[in-house]
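Please read the following account with the sequence and the three-dimensional structure side by side.

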Amino acid sequence: MAVKDMKRVFSGVQPTGNIHIGNYLGAMKQFIELQNENECLYCIVDMHSITLPQDPKQLRQHILDVAALYMAIGLDPKKSIIFVQSDVSGHAELSWVLTCNSYTGELSRMTQFKQKSKGRESAPTGLFTYPVLMAADILLYDTDIVPVGNDQKQHIELTRDIAIRINNKYGKTFVVPDGKFVKSGARIMALDNPDAKMSKSAENPHSRISLLDEPSKIKKSIMKSTTDSEGVIRFDVEHKPGISNLLSIYSVFADETVEALEARYEGRGYGDLKKDLVEVVINNLTPIQERFKEIRQSQELLDVLQDGAERAGVIAEATMKRVKDRFGLGWK
Ligand code: TYM
């Protein structure tokens, strides 16, 4: 396929540790399929992660962890540009321009901000403008497609609104992107509380399965997971959120439909389903973990990130030149 016929894809993951199966099934798994037919940029969004305090030494390690995980799940640095957000200065520059073209009203409506700032008298400004930096990430690369989990839908909408607003006011400046969401797995729920989404920061480690969890930990988390007392295995998010979540995870990892699973487990107990799911998850994660260990120790990783930053930087520079022209900013 000629490069000009290809779509541009951009997505990012925060290097805050505990990358879990929600991140994988909701977003990262899509990255791999997309890299064969598109021009893809996959970013480690370290500047987003400092919206809340991070230990600097640990942050650097977590950046390398995400880079190694990207490659361990199957991203090929020859096909995809893998890079660190703060290595390309255009993200911060464009973010300011977009900040000047967004409104406190629309940012106040972002549910993620509302959740993260809950109970605080005063929240860090970065937490408030977080979605604008995310819009900058996307618009900087003339992105067509943004593969993400459902929790980012509102941020993608905001990105589109800002792009359209600027295009209308200053003439065509940005490509208006579309979000891309998987049919099954776009919102994986916490194992200990299926009413909340699985998250990196939840205190209970058994609420999630991290991609690097040991088999014994995976087993414990799944066997302990919250279900219901009905004893029937069927998909019904409203009445049976726990079992429905387990069925979704099973379905995507095993590449089987939920209907097929419901049929197989008819008349059987939750224990059977959980035991089989443990095996399915371990079988899927073991090869990723083995590749991760190898890549994480290799010198290749830093070379990949440097090469990625250079390639991303070329695209970003061209966009920033265009943006500066449109807004009448300086020349360099
Ligand atoms: P982050 O780091 O929280 O999550 C990375 C990706 O995982 C998805 N995700 C989930 N999907 C299904 N079930 C879940 N429980 C679950 N939890 C997380 C997220 O939707 C995301 O796709 N703001 C973003 C990072 C970002 C970004 C961007 C993404 C910054 N700039 C530009 C796309 C484009 C975030 O915090 O993701």
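**Cavity, ligand and pockets**

The residues that line the largest cavity are Gln112, Phe113, Lys116, Leu127, Tyr130, Pro131 and His155. The model is a predicted one, in which local features need pLDDT of at least 70 and side-chain atom pairs count only at pLDDT 80 or more, while totals for chains, interfaces and linings use all residues. Residues are numbered from 1 along each chain as its sequence is written, and side-chain values use heavy atoms, with hydrogens and water left out.

A cavity here is a set of points, on a 1 Å grid over the protein atoms alone, where a 1.4 Å probe fits but cannot get out, whereas a pocket is an open set with protein on both sides within 12 Å along at least five of seven lines; in either case lining residues have an atom within 4 Å of a point. The structure holds one cavity of 30 Å³ or more, and the space in the largest cavity comes to about 60 Å³, where a volume is the space filled by probe spheres set on grid points that are joined across faces, edges and corners. Helices α6 and α7 each give at least two residues to the lining of this cavity (helices are DSSP runs of H or I with at least four residues, and strands are runs of E with at least two, numbered from the N terminus).

Which side chains have an N or O atom at 2.8 Å, 2.6 Å and 2.4 Å from a ligand atom? The distance of 2.8 Å is between a ligand oxygen and the side chain of Gln14, that of 2.6 Å is between a ligand nitrogen and the side chain of Asp137, and that of 2.4 Å is between a ligand oxygen and the side chain of Asp151. Taken alone the ligand exposes 700 Å², of which the protein buries 97%, with areas from the Shrake-Rupley method and a 1.4 Å probe.

The ligand sits in the largest pocket, in the sense that more than half of its atoms lie within 2 Å of the grid points. This pocket holds about 1000 Å³ of space, and of its 43 lining residues the closest to the centre are Gln14, Gln112, Asp151, Lys197 and Lys200. Helix α1 gives the most to that lining, with five residues, and the lining divides into 15 nonpolar, 22 polar and six charged residues.

The second largest pocket has a volume of about 310 Å³ and is lined by 17 residues, with Glu317, Met320, Lys321, Lys324 and Lys332 nearest its centre. Here α13 (300-327) gives the most to the lining, with seven residues, and by class the lining has five nonpolar, five polar and seven charged residues.

Definitions and conventions. Polar contact = N/O pair within 3.5 Å; in protein donor to acceptor, adjacent residues only side chain to side chain. Nonpolar A, V, L, I, M, F, W, Y, C, P; charged D, E, K, R; others polar.
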